Amino acid sequence: MFKSIQTADLYVQLVFDGLNLFIPQQDVLSVEIMADLEYAQTSMGAIGWFGQHGHGQNSPVFCLSEDLLLLTELPRNREFFILLKPCHEDELPVGITCDQVEDLNVRYEHLYLQDLPSVMHTKANPVSKLLIYKEQVACVCTGADLVQHVIQLTEEFTNASESMS
Amino acid sequence: MAEQEELKLNRAWLLDFGRGLQAAVGIHEMSHVLLETRLYEIPRAPYYCTEVLVFEGMILPVMDVISLIEQQRIVREGHDVIGIAVYQEAITGNLNYAAMHLATMPAPLFVDNRDACELPKYLDYWRPYTLSCFMNEGRAIPIIDFTQLFMPEDLK
């Protein structure tokens, strides 16, 4: 007997800087290789642009640290980037680099998502759930929350850059 | 003749968080003490609660009470133990578990209700988390409420 695949059980697992981050697969537009990235210094904190997704405009691609802060230098191990679906139709997809990427069905893997303990909630925290995977604690966030978090970081980065210039 | 207050003894744990910070909780409010455990950092969490651990299949937050009280991230030195707290947000609510760094093993003690005192001004930083206070060996010890201690930042 076949088990039906529930979309809500499908996740993309990103690994970067030792952080395991799970994002619902339905929030991810595509997985790309770093060779397809056009590197550029940007005023918003992105490390480059990607323009092959048929939207006619380039998407900014960002590097995040294990503390989910912007890195403006590309770490050596980043091999891939994912494109997150934008929150609104008139916005562009947002790229996030990673060392490894894998798709997982949390039900098949018998992974149990637990709410982030309420004492750990902050306005700056896009992580909403946690899970135990391969004897590690992994973080879970929705694509929309991660995009919103990156937008917030870019605004802070831009403001900081302008105040220094 | 003045009526003497009736002696009432309650069992409690004396918790030592290090850097001179001590507080007490009821005897049933500590579940376990872990001497060795693996901690995991969670990004963008409040500076006083950046870690979690896995305990009996549950992922629990690990509170750094010193950082909370001193209102800044304090780097911990040396080995400490982890206490597992158990508390209820409402009398009919589910049991909640959470963890905290301790400098030493919790010490059992009896609290005599005649030793009750006001929370001294110099311990005012404990006030948001304190239910009552008592004297123990010449020192004022707050009895703390885990529900307040583990409350989310926006509700504190």
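Strand β7 (residues 81-88) of chain B runs antiparallel to β8(B) and is joined to it by 8 bridges. Strands and helices are DSSP runs numbered from the N terminus, with at least two residues (E) for a strand and at least four (H or I) for a helix, and two strands are taken to pair if DSSP finds at least two bridges between them. On its other pairing, β8(B) (residues 95-102) lies parallel to strand β6 (residues 58-63) of chain B, over 2 bridges. B:M100 in β8(B) stands opposite B:G83 and also opposite B:M63.

The model is predicted; local features require pLDDT of at least 70 and side-chain atom pairs pLDDT 80 or more, whereas totals for chains, interfaces and linings use all residues. Residues are numbered from 1 along each chain as its sequence is written, and chains are lettered from A and ligands numbered from 1 in the order in which they are written.

Chain B contains 2 helices and 11 strands, arranged along the sequence as β-β-β-β-β-β-α-β-β-β-β-β-α. Its C-alpha atoms fill a box of roughly 65 × 35 × 30 Å along the principal axes. Of the 156 residues in chain B, 31% are buried. A residue is buried if 20 or more other C-beta atoms lie within 10 Å of its own, exposed if 12 or fewer, and partly exposed in between, with C-beta atoms placed from the backbone. Among contacts in chain B between residues at least 6 apart in sequence, 48% join residues at least 24 apart, a contact being a pair of residues whose C-beta atoms, placed from the backbone, lie within 7 Å.

The largest nonpolar core has 80 residues, and A:I82, A:C139 and B:M63 touch the most other members. Strand β8 (residues 80-84) of chain A gives the most to this core, with 5 residues. Such a core is a set of buried Ala, Val, Leu, Ile, Met, Phe, Trp, Tyr and Cys residues joined through C-beta atoms within 7 Å. Beyond its neighbours within four places in sequence, B:M63 is in contact with B:Y48, B:C49, B:L68, B:A98, B:A99, B:M100, B:L149 and B:F150.

The contact between the chains takes 19 residues from chain A and 17 residues from chain B. On the side of chain B that touches chain A, β5 (51-55) and β6 each supply at least two residues, and β6(B) gives the most, with 3 residues. By class, this side has 15 nonpolar, no polar and 2 charged residues; Ala, Val, Leu, Ile, Met, Phe, Trp, Tyr, Cys and Pro count as nonpolar, Asp, Glu, Lys and Arg as charged, and the others, Gly among them, as polar.

In chain A, 6 strands form an open sheet of mixed pairing in the order β10-β1-β2-β13-β12-β11. β10 (100-105) and β11 (114-115) of chain A each have a single partner strand, so one side of each is left without a neighbour in the sheet. β11(A) runs antiparallel to strand β12 (residues 129-133) of chain A over 2 bridges, and A:Q114 has A:L130 in β12(A) as its bridge partner.

Notes
Two residues are in contact if their C-beta atoms, placed from the backbone, lie within 7 Å.
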